Amino acid sequence: MKFTAEQISEILNGEVYGNPHEEVSKLSKIEEGEKGSLTFLSNPKYNSWLYVTAASVVIVDEKFVPEKEVSSTMIKVEDPYMAFTKLLEYYNNIQLHKSGIEQPVFIHETAKYGDELYLGSFSYVSKNVRLGKNVKIYPNVFIGDNVVIGNDTTLFAGAKVYSDCHIGSNCTIHSGCIIGSDGFGFAPDKNGGYSKIPQIGNVIIEDNVDIGSGTTIDRATLGSTIIRDGVKLDNLIHVAHNVEIGRNTVIAAQTGIAGSTKIGKECKIGGQVGIVGHLTIGDNVRIQAQSGIGKSIGDNEIVQGSPAMPYNDFNKSYVHFRNLPKLSAKLDALEKQKDNHNIK
């Protein structure tokens with residue numbers, strides 16, 4: 001699909017400098033630009049590329065004044081980075097726009113769905129499922145009994161949603177996600193074995209949530225595991241039973257959250273963080289990568305380490321950690337001096 005510089009400027013509320021009829025059909029980095037591509041310049045470090053790029057159209061800051069001739073058509077906007085992000089989203093929506101029901105699929109007779117459904121081949125929609133408008137379900141997706149999915153939500157290939165779970169509107173569930181698998185509930189018995197505790201709750205995912213590939217969210221033992229509005233989960237995260245993650249919290253890959261822990265709103269949690277169960281993490285908390293969280297954390301704290309400690313304390317302590325070999329050598333030298341003095 002081709003767009004002219006003029007059409008793009010209208011989408012971005014920008015101003016064209018150059019040929020308004022210049023056509024583009026793809027996006028590129030400025031250093032990899034070629035004829036027919038659209039790119040952007042927001043970092044001054046890349047200014048020199050503007051004068052040599054082969055890209056047909058470049059989005060630049062409205063205050064930018066070129067130092068020499070620019071062969072590309074420029075579109076000046078208030079914020080080039082955000083403008084290009086908007087175009088990426090627009091382009092992605094066009095690329096991913098699908099509708100219709102492919103074959104073979106299974107849709108239970110009691111299932112209901114809204115307009116503009118896309119249901120990919122080999123997908124399975126169980127009884128009493130409710131799908132909103134413009135839902136996109138890619139091939140090999142399983143939707144269990146009584147699941148509810150809101151408008152404009154996409155489930156990519158191979159995602160699995162177990163029975164009774166609710167997913168809100170404008171969510172993205174990437175390939176390999178498992179929503180609503182059993183929580184890790186086992187009770188030791190007198191013979192040294194373990195008896196399974198039935199997990200009869202569900203998972204509730206509110207609106208505007210993104211969940212990365214391979215992430216697993218366990219159903220509650222009783223009640224619900226809850227992912228609040230605007231949460232963004234990276235790939236390969238484990239959320240255990242009865243966990244609650246607050247609004248607009250973001251969590252990086254390979255983090256594990258044990259059962260019944262409550263995480264507040266607008267937190268940022270780095271990769272490979274481990275959080276034990278039954279804790280409360282406050283609002284606006286920052287947890288650095290590879291930290292181990294063994295106790296509750298109050299609002300607005302920044303922590304690091306395993307076990308985690310306040311971020312500034314960790315940095316101060318780390319200076320001493322690095323110097324331990326030198327300190328040890330100094331102690332050894334002092335011990336030798338003492339021994340030599342005693343001999344004399």
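Leaving aside neighbours within four places in sequence, Ser121 is in contact (heavy atoms within 4.5 Å) with Glu102, Gln103, Pro104, Val105, Pro139 and Asn140. This is a predicted model, in which local features need pLDDT of at least 70 and side-chain atom pairs count only at pLDDT 80 or more, while totals for chains, interfaces and linings use all residues. Residues are numbered from 1 along each chain as its sequence is written, and side-chain values use heavy atoms, with hydrogens and water left out.

Ser121 itself lies in the loop that links strand E11 (118–119) to strand E12 (124–125). Here and below, helices (H or I, at least four residues) and strands (E, at least two) are DSSP runs, numbered from the N terminus. With a relative accessibility of 14%, Ser121 counts as buried; the classes are buried under 20% relative accessible area, exposed over 50% and partly exposed in between, for a 1.4 Å probe and protein chains only. One of the residues that Ser121 contacts, Pro104, sits in the loop between strand E8 (100–101) and strand E9 (106–107). The peptide bond leading from Gln103 into Pro104 is cis, with omega near 0°.

The chain as a whole comes next. It contains four helices and 40 strands. Its radius of gyration, taken over C-alpha atoms, is 27 Å, well over the 20 Å that the globule rule gives for 344 residues, so the chain is more spread out than a compact globule. That rule is 2.2 Å times the number of residues to the power 0.38. Along the principal axes, the C-alpha atoms fill a box of roughly 95 × 65 × 30 Å. Of the 344 residues, 39% are buried. Among contacts between residues at least 6 apart in sequence, 17% join residues at least 24 apart.

Two of the helices can be described as a pair. Helix H1 (residues 5–12) and helix H3 (residues 80–95) have axes that come within 10 Å and cross at roughly 105°. The axes are lines fitted to C-alpha atoms, for helices over the stretch in contact, and angles run from 0 to 180 degrees between N-to-C directions. H1 and H3 are therefore roughly perpendicular to each other, the term for angles of 65 to 115 degrees. On the H1 side the contact is made by Ile8, Ile11 and Leu12, and on the H3 side by Ala83, Lys86, Leu87 and Tyr90. By class, this contact of H1 with H3 has six nonpolar residues, no polar ones and one charged residue. Ala, Val, Leu, Ile, Met, Phe, Trp, Tyr, Cys and Pro count as nonpolar, Asp, Glu, Lys and Arg as charged, and the others, Gly among them, as polar.

Ala55 has a relative accessible area of 3% and is buried. Not counting residues up to four places away in sequence, Ala55 touches Gly33, Glu34, Ser37, Thr39 and Ser72. The C-alpha atoms of Ala55 and Phe40, which are 15 residues apart along the chain, are separated by 9.5 Å.

Further along, Asn242 occupies the loop between strand E29 (238–239) and strand E30 (244–245). Asn242 has a positive phi of about 65° although it is not a glycine, and it is buried at 14% relative accessible area. A positive phi of about 65° is also found for His278, again not a glycine. His278 counts as exposed, at 65% relative accessibility, and is located in the loop between E35 and E36.

Val276 is found in the loop between strand E35 (274–275) and strand E36 (280–281). Val276 is partly exposed, at 40% relative accessibility. Beyond residues up to four places away in sequence, Val276 touches Ala258, Thr261, Ile293 and Gly294. Its C-alpha atom is separated by 6.4 Å from that of Ile257, 19 residues apart along the chain.

Glu266, in the loop between strand E33 (262–263) and strand E34 (268–269), counts as partly exposed at 34% relative accessibility. With neighbours within four places in sequence set aside, Glu266 is in contact with Arg247, Asn248, Thr249, Asn284, Val285 and Arg286. From C-alpha to C-alpha, Glu266 and Ser306 are 22 Å apart in space and 40 residues apart in sequence.

Definitions and conventions. Parallel < 35°, antiparallel > 145°, perpendicular 65-115°, else oblique.
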